[in-house]
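Have a look at the model first, and then we can walk through it topic by topic.

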Amino acid sequence: MAPERLQKIMAAAGIGSRRKCEELITAGRVQINGKVVNTLGAKADPARDRIVVDGKPLKPVQTHHYYKLHKPRGVLGDTVSEDGERRTVLDLAPPDAGRLFPVGRLDLHSEGLVLLTDDGELAHLLTHPRYEHAKTYYVLVESLPTAAALNALRQGVDLPEGRTAPAEVEVVQELPVELNLSKGPNEGVWLRIVLREGKKRQIRHMTAAVGYPTLRLVRWAIGPLTLGKVALGQCTPLTTTEVRMLRRAVGLEAARTERKRPAIAARPPAQRSPRSKPAGSAAHGGRTQRKFNRPR
């Protein structure tokens, strides 16, 4: 097979997201055929080259795994706890799930949908801002924002790290009936916010900037994948339909069209020259008689 970028090969093998793989490369923790590689432009052929990460040979993943987790508040959205005391999203995954990593950020005090997978290519396409895949959140604020505040959230808010991209923002009267919330604030006004970028703690910074700090933040959907009826703290494998839906959304799988056997169309009448007229036609003063041989 043709050589590919090293970080793409590593991500496809389940090492982590492309961003994580790039960090491993630049840190000098990856070798190709015995030589350390620390430049992001490096390419390799996984069928011919020996790729080693942290001293372990890279083994291509034959089958990827996909889980959706209902992250509670107080659980780290990362894979490692720096102090070793807090639970992480990986602590809630099945023990035999293999090497997984979360797709997208969700901070300690936020809750809701976390996608866990070893499919680095899918993770990259879902999270990179260039692809602008939507993520849907329900956000609780103390009171009804003014029209000016809502418009500012929709058009973009100036933050220290730059102006946010336009977002979809609406006031909602109720949450999805399937959504099971953990204990926490419930008094206030719920907003439904759809982002197509993922700056760190972005929604909290946005609502604070317009005068309505976030009291509670729940991620409901990543692209077409919703949290659904997953119970708080539960981690369940994605269905085949959900996996296919996600892969179609990022362009990794073409949509399948239902192909039905075409109906047998009636044979169109024979084209006759306008100059010739069949015998027995009205022009000859008679009636055309046709005989059909029917099977007996």
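In strand E15, Val 218 is the bridge partner of Glu 111. The model is predicted, so local features need pLDDT of at least 70 and side-chain atom pairs count only at pLDDT 80 or more, while totals for chains, interfaces and linings use all residues. Residues are numbered from 1 along each chain as its sequence is written, and side-chain values use heavy atoms, with hydrogens and water left out. Helices (H or I, at least four residues) and strands (E, at least two) are DSSP runs, numbered from the N terminus.

**Strand E9 and its partners**

- E9 and strand E15 (residues 214-222) run parallel and are joined by two bridges; two strands count as paired if DSSP finds at least two bridges between them.
- E7 and E9 run antiparallel, with six bridges joining them, and Leu 69 stands opposite Val 114 in E9.
- E8 also runs antiparallel to E9, through three bridges, and here Val 103 has Leu 115 in E9 as its bridge partner.
- Seven of the seven residues of strand E9 (residues 111-117) are buried, so the strand is largely enclosed by the rest of the structure; buried means under 20% relative accessible area, exposed over 50%, and partly exposed in between (1.4 Å probe, protein chains only).

**The open four-stranded sheet**

- Four strands form an open sheet in the order E3-E2-E5-E6, with antiparallel pairing.
- Strand E3 (35-37) and strand E6 (56-57) are the edge strands, because each pairs on one side only.
- Strand E2 (residues 30-32) pairs with E3 in the antiparallel sense over three bridges, and Lys 35 in E3 is the bridge partner of Ile 32.
- Asn 33 lies in the loop between E2 and E3; its phi is near 55 degrees, a positive value in a residue other than glycine.
- Asn 33 is partly exposed, with a relative accessible area of 45%.

**Contacts across the sequence**

- Val 53, in strand E5 (residues 51-53), counts as buried at 7% relative accessibility.
- Val 53 and Met 10 are 43 residues apart in sequence, and their C-alpha atoms are 8.8 Å apart in space.
- Val 141 belongs to strand E10 (residues 135-141) and is buried, with a relative accessible area of 1%.
- Ser 17, in the loop between helix H1 (6-12) and helix H2 (18-26), is partly exposed at 21% relative accessible area.
- The C-alpha atoms of Ser 17 and Thr 127 are separated by 9.3 Å, and the two residues are 110 apart along the chain.

**Another positive phi**

- Glu 132 has a phi near 55 degrees, a positive value in a residue other than glycine.
- Glu 132 sits in the loop between helix H3 (120-127) and E10, where it is partly exposed with a relative accessible area of 47%.

**Exposed loop residue**

- Glu 82 is found in the loop between strand E7 (66-71) and strand E8 (101-103).
- Glu 82 is exposed, with a relative accessible area of 85%.
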